[in-house]
Amino acid sequence: MHIKSTILASTMLLAACGNYQAAESIPASPTSLTEAEPVRATAQTAEQILAAMTLERKVAQLIMPDISAITPADTEKYRFGTILNGGNSGPYGDDLAPAPEWLKLSDEHWDASLVPLASGEPVVPVLWGTDAVHGHTNVKGATMFPHNIGLGATGDPDLIRKIGQATAIEIEVTGIEWTFAPTVAVARDDRWGRTYESYSEDPARVSVLGKAMVEGLQGYRSADDYLGNGRVIATAKHFFGDGGTEQGVDQGDVNGDLDALMDIHVAPYPAAIEAGVETVMASFNSINGRKMHGNTELLTGVLRGDLGFDGLVVGDWNGHGQIKGCTNTDCPQALMAGLDVYMVPEDWKGLYETLLAQVQDGTVPMARLDEAVLRVLRLKEKSGLLAGAPRPSERANAGQWDKLGSPEHRAIAREAVAKSLVLLKNDGVLPLQSKANILVAGKAADSIAQQAGGWTLTWQGGGELTNADFPGATSIYDGLSAVAQQAGGTAVLSEDGSYADKPDVAIVVFGEQPYAEFVGDRKDLAFRDEEGLRLLRQFKSEGIRTVAVFLSGRPLWVNRELNAADAFVAAWLPGSEGAGVADVLFGQAPASGRLSFSWPADCAGAPLNSADGALFALGYGRATGDHAPLATLSEECSALTDNGQANWFISGRLASDIAATADGVVLPDLRGANGGVTARGIDRNAQEDAREIIFTAGSSLVLTGPKSSSGFRITYSVDQRAGQPVALSSGGSTFDITHPMAVAEGKGWREMIITDECLPGLSNDLTIRSDGDFTIKVSSIARQDIAHGTSCSF
């Protein structure tokens, strides 16, 4: 039976207002805009406020800018309905800002939104949304829970409700009211870079766990604390099909019979709506050629008509700009299709002005504008913001820093880590003996950033983050060391696997480097990093038993590592509580995790979603006492030998073995400023998938990677030619590109091919130097086999 027909009879009864109570011990700090007593929201109904609003204020309620692109003064002037912080946005330009800075900025925008208007119309408090997708992980010191793929392996909705409430409390500590979670995508192709945001490939499991997270974040609809203290607004995302794109390409195309697609990808939404989810985020992807942000039949017909959703529909990061005929600053089509709030992080002013004019000239009917604005106001009403709510720092939980990463919340996270681990192989080495002398190897063993993955302090996670950036968190090694000592043994860290005294057992921690969204898209499922494989084989040759702890955001082809290890644990991305891994390895917690995704038998990456072609099927997982041998696996993988092209920079990410430096200082992930060079993320086809590199006179950018005899293929754009010479250098050769850059001026994105024809002796380095001020945009850099003698081209 198709889902469309099964949900027609569903009735969604959404609950009443939340009830904020003022915190007793948090003094009010005056806003920078006014020294007057903090203004509280006027207690009026959504309908009363709408009737008294001017057109300009109505339009502003539909605009959601990013905190990196606005000030509180902008909020006072325009009266935005909502604001957000993106994955790389923090208070006052610091994405590693301490928690008090988040609360301070929340107060400032709140106060700015409530400064009395000269017109006398009612003021409306601003609402702040954040991506708290595995805890409130934009903020230092917060508890980081396992990503959804790990929570899916627990299969425990009660635990997930606890995680939701703990996350909500920590969000409230910083004065924020809304999270863009949970993701209820049903990931069907593990090559997708957001697979770890999905609970499972199984729609039924996603439905149960997604509903539980909504209930944890918002509270039960019938409960007194619904959207009150210790609760925040949840978002089911992304409607719909984000996990079903062709070849797992993020923001790509989802094609097929509509009812069949809905049976899979719409399936989790009725449960979330039944739980009372107040907002739904539209998806970037297309359904049979039409972008979801502009799809009236699906956003309005299915979501509102068939599913009965009457809450707020919010857009994703400039998703409206991807609709045919739209730009980031001009898109009435999205509003007419059913979008209520535009997420327009940086181009907010242009969109505000355009939308205002379109209402004035009738392109957007006033009735549709009022409908969208009323949904924004009703959301604020339900969450208590229109009932005289105090400023953020005066609320219960606000500023109670001991609740951010509290022992109680970390205990929940530790339990979740233990329950998420899936034991794939065990010849009897587990559980570890109580008095064992253990060697812990691998760069990931003592890296909280790697075990936490993407969406952790920064959008992509990882990078230059160190354990010092995670106060209160525990690395996997630290957890193993503590539990080993409690058991009367020892655990010694040796990243490279060297040792003086032969250990009883070696634990090798390895896996994927952090990534988020399209940066994590892959063409296959071969795990290529051989650090873990080398260590496992080394220990095997030395007669040392091994336990492999694999960190990943998806199942990957690791047949070689499975063959080399005596025990193999899929640990996913466990977050801040590495001790949960030790609990299972030492047998203090059972190995209870079960695969919520099929595990591939080969490396090609074709979608599985059934036992057919799976090495381990959905639901697989061993108990610690299951010592049945695992047959030797094939280690043939054609993808591993496909070395025709090596991407140095692609989809907004610098490869892990490539260094970018300016004046000898590393620019991590090709970002930052030094020596007259500034590199910043810009949008080409997707969020921050390219870089703008700005040179001042006499500055140079140096890229260095593995040795290669291949040429360079670079996608670039030049808006304005250089006034002084610009040159490329490699292997001791230099080539003047001043003229080619002048020819490229204003011609949009182009491709340059660099071979030994213009740079004889082309080596493993590439330097761009400019004698004057010069700016170039780059979206990809790759080493590629190019026939000898091929001319350089621009």
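Cys-758 is buried, since its relative accessible area of 8% falls under the cut-off of 20%. In this predicted model, Cys-758 forms a disulfide with Cys-792, the two sulfur atoms being 2.0 Å apart. The torsion about this S-S bond is about -85°, and the disulfide is therefore left-handed.

Cys-758 lies in the loop between strand S31 (750–754) and strand S32 (765–770), while Cys-792 belongs to the segment after strand S33 (774–784), so that the bond ties together parts lying 34 residues apart in sequence. Cys-792, with a relative accessibility of 15%, also counts as buried.

## Cys-603 and Cys-637

A disulfide with an S to S distance of 2.3 Å joins Cys-603 to Cys-637, and because the torsion about its S-S bond is about 110°, this disulfide is right-handed. The pair links distant parts of the chain, 34 residues apart, with Cys-603 in the loop between strand S18 (599–600) and strand S19 (614–616) and Cys-637 in the loop between S19 and strand S20 (645–650). Both Cys-603 and Cys-637 are buried.

## Cys-326 and Cys-331

Cys-326 and Cys-331 are joined by a disulfide with an S to S distance of 2.2 Å, and the torsion of about 65° about the S-S bond makes this disulfide right-handed. Cys-326 counts as buried at 10% relative accessibility, and Cys-331 is buried with a relative accessible area of 1%.

## Overall pattern

A search of the whole structure finds three disulfides, and, with bonded cysteines counted along the chain, they follow the pattern 1-2, 3-4, 5-6.

Note on methods
Residues numbered from 1 in each chain as written. Predicted model: local features only at pLDDT ≥ 70, side-chain atom pairs only at ≥ 80, totals over all residues. Heavy atoms only, no water. Disulfide = S-S within 2.5 Å. Buried < 20%, exposed > 50% of the residue type's maximum accessible area, 1.4 Å probe, protein only. Helix = DSSP H or I, 4+ residues; strand = E, 2+ residues; numbered from the N terminus.
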